Amino acid sequence: KDTHFELPEYITSDISNSYMRRFIERWGLHHIFLLYDVKDKRAVFPILYKGKIVDAVGRTLTNQIPKWLRYSSIATHYSCCVGEDNGVAIVVEDVISATTIGLLFPQVTGVAILGTSFSTEHKRYLEYFNKIIVALDPDASDKTIAYTKELKSFCEDSEVVAYKLMDDVKYRKHEDIDGLRRTIQ
């Protein structure tokens, strides 16, 4: 959406505090653009469009509820691709998982649908990929199948496959990573 967004004043680029250092180390996010929500102690993932921050998603660092916080509703998804996009997208639920995909599989785009709700905007974004792998968390396997079916009918020119994860992709289980690598090829 083409809407004006400003980060709240309590979000800073200073990510040197112990909360952020532990978070970055735990998830291997050393080279990812992150911000910090001083007020709520959240790691903030900016959502960029054409180099401009258009939205942001924050993850609690202190077990607060909600675990994830949207700073606006402008963006429909979060994506991460390291390197030149090769036309393959892996659809996941959350931002850390999408970032994990982008880091582990250079040139593949990790796409977080920011929850388990799937919209027409998601499908419109994904229809430009040649191959789409739906790999939601194991507790959402029924949605993995449903979204795969929706994408097959919506993205007729794309290869669309479902991948059943053993665990959330952000935990980097060898079986899941090896299986996704094979599915990408």
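Reader: Which residues of helix 5 are buried?
Author: The model is predicted, so local features need pLDDT of at least 70 and side-chain atom pairs 80 or more, while totals for chains, interfaces and linings use all residues. Residues are numbered from 1 along each chain as its sequence is written, and side-chain values use heavy atoms, without hydrogens or water. Buried means under 20% relative accessible area, exposed over 50%, partly exposed in between (1.4 Å probe, protein chains only). In helix 5 (174–184), the buried residues are Asp176, Ile177, Gly179, Leu180, Thr183 and Ile184.

Reader: Within what arc do these buried residues fall?
Author: Helices (H or I, at least four residues) and strands (E, at least two) are DSSP runs, numbered from the N terminus. The arc is taken over directions from the helix axis to the C-beta atoms. The buried residues of helix 5 line one face, because seen down the axis they fall within an arc of 165°.

Reader: Which residues are exposed on the other side of helix 5?
Author: The buried residues have cover that includes strand 7 (88–92), helix 2 (95–104), strand 9 (131–134) and strand 10; contact here means heavy atoms within 4.5 Å. On the other side of helix 5, the exposed residues are His174, Glu175 and Arg182.

Reader: How many aromatic pairs does the structure hold?
Author: Rings of Phe, Tyr and Trp (its six-membered ring) pair if their centres lie within 6.5 Å. Planes under 30 degrees apart count as stacked, over 60 as edge-to-face and the rest as tilted. By that rule the number of aromatic pairs is six.

Reader: How far apart are the ring centres of Trp27 and Tyr171?
Author: The planes stand at 55°, so the pair is tilted. Trp27 is in helix 1 and Tyr171 in the loop between strand 10 and helix 5, 144 residues apart. Trp27 is buried at 6%, whereas Tyr171 is partly exposed at 41%. The ring centres are apart by 5.6 Å.

Reader: Which residue lies over the face of Trp27?
Author: A charge sits over a ring if NZ of Lys or CZ of Arg is within 6 Å of the ring centre and within 35 degrees of the ring normal. At 6.0 Å from the ring centre of Trp27 lies Lys170.

Reader: Which bond is cis, and what is its omega?
Author: Pro66 lies in the loop between strand 4 (52–60) and strand 5 (68–70). The cis peptide bond joins Ile65 and Pro66, with omega of about 5°.
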